[in-house]
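Thanks, everyone. Here is the model for today, so let me put it on the screen.

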Amino acid sequence: MANEICIEFDDVVAGYKDFMILNKLSFRARRGAITLLLGPNGAGKSTALKTLFGLLRPRQGRILLDGEDIAGCDQKTLLGKGVAFVPQGRNLFGQLSVFENLELGGITIGTRQTHARIPEVLALFPRVKERLHSAASSLSGGEQKQLEIGRALLLRPKVILVDEPSIGLSPIVVQDVFRLLRGLAAQGTTVLMVEQNVKSALKISDEAIALESGRLVLQCPAAELLADPHIERLFLGGAAVPAATDAVVV
Ligand SMILES: Nc1ncnc2c1ncn2[C@@H]1O[C@H](COP(=O)(O)OP(=O)(O)OP(=O)(O)O)[C@@H](O)[C@H]1O
């Protein structure tokens, strides 16, 4: 199971209006692993997640989920297939309570099932649980991010897409969020993450994928990239590729 491919991008071209951001992007992500998307600003990392979640329709190429082409499916269909997305920034209904936000996360599975699953999600987040009837906006930034992830987990997704979860969080809280993602992966959830906090994210990731101008420039084990003394160069917009020994350089 550890080496099964869960997600595959195969020559995906996608963008906004006539401006293509992903230029024949191909990569694979293993089931139960954390795959980290890296690269300079504007490389297309968030666009890759959005395209996978059906927010952009690919102009070309295939996106396979467990071997099935899901390119162009809408979000409801994707949620039904077990794909959840935690976008960048704040995505809660601030005036609604924690509980009400969780209820909205279960809209596709019905009230009964949602209510049955809320306790299992809250068990992961004791601090959020204590604030169940408070307005979501009154939670700390870290608690809000945990609630967003919890809302996504209500659907018991097999794939979770997480875009820059550490933004605005203190280093300790970031570690909590990362530990949670690590725990989900250990239970078999496939995690695809974009994160600017590169070194911390590599420490909890299994695989690193670097994009540049919407193309794959490097795929290698996260630990190898972390050990590379030239790692910084990848994130300063240059085309430099570190000399990780097992790296697949495209
Ligand atoms: N809604 C949009 N309409 C038009 N262009 C967009 C839109 N969203 C993103 N872009 C452009 O697409 C390019 C890739 O953006 P994307 O957010 O995927 O990059 P990224 O690799 O995630 O970068 P960052 O690290 O800065 O978040 C950028 O040039 C961006 O300006």
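F85 stands opposite L161 in β7. The two strands there, β6 and β7 (residues 159-163), pair in the parallel sense over four bridges. Two strands pair, by the rule used here, if DSSP finds at least two bridges between them. Strands are DSSP runs of E, at least two residues, and helices are runs of H or I, at least four; both are numbered from the N terminus.

A word on the source. This is a predicted model: local features need pLDDT of at least 70, side-chain atom pairs count only at pLDDT 80 or more, and totals for chains, interfaces and linings use all residues. Residues are numbered from 1 along each chain as its sequence is written.

Now the whole sheet. It is open, with six strands in the order β6-β7-β8-β3-β9-β10 and mixed pairing. β6 (83-86) and β10 (215-221) are the edge strands, each pairing on one side only. From one strand to the next, the twist averages 20 degrees. Helix α7 packs on this sheet and touches β3 (34-38), β7 and β8 (190-194). The direction of α7 makes about 150 degrees with that of β8. Axes are lines fitted to C-alpha atoms, for helices over the stretch in contact, and angles run from 0 to 180 degrees between N-to-C directions.

Next, the domains. The domain assignment, which is automatic or from a database, gives domain 1 (1-82 + 158-250) and domain 2 (91-156). Their C-alpha centres lie 25 Å apart. Eleven residues of domain 1 are in contact with nine of domain 2; contact means C-beta atoms, placed from the backbone, within 7 Å. On the domain 1 side, α2 (75-80) and α7 (171-186) are the elements that give two or more residues. α7 gives the most, with four residues.

Last, the ligand. Which residues are around it? They are Y16, I21, G39, N41, G42, A43, G44, K45, S46, T47 and V194. Near here means a C-beta atom, placed from the backbone, within 6 Å. Helix α1 (residues 45-52) gives the most to this shell, with three residues. Seven of the eight residues of α1 are buried, so α1 is largely enclosed by the rest of the structure. Buried means 20 or more other C-beta atoms within 10 Å of the residue's own, again placed from the backbone. K45 and T47 are among the buried residues of α1. Just after α1, G54 takes a positive phi of about 80 degrees.

Technical notes. Two residues are in contact if their C-beta atoms, placed from the backbone, lie within 7 Å. A residue is buried if 20 or more other C-beta atoms lie within 10 Å of its own, exposed if 12 or fewer, and partly exposed in between; C-beta atoms are placed from the backbone.
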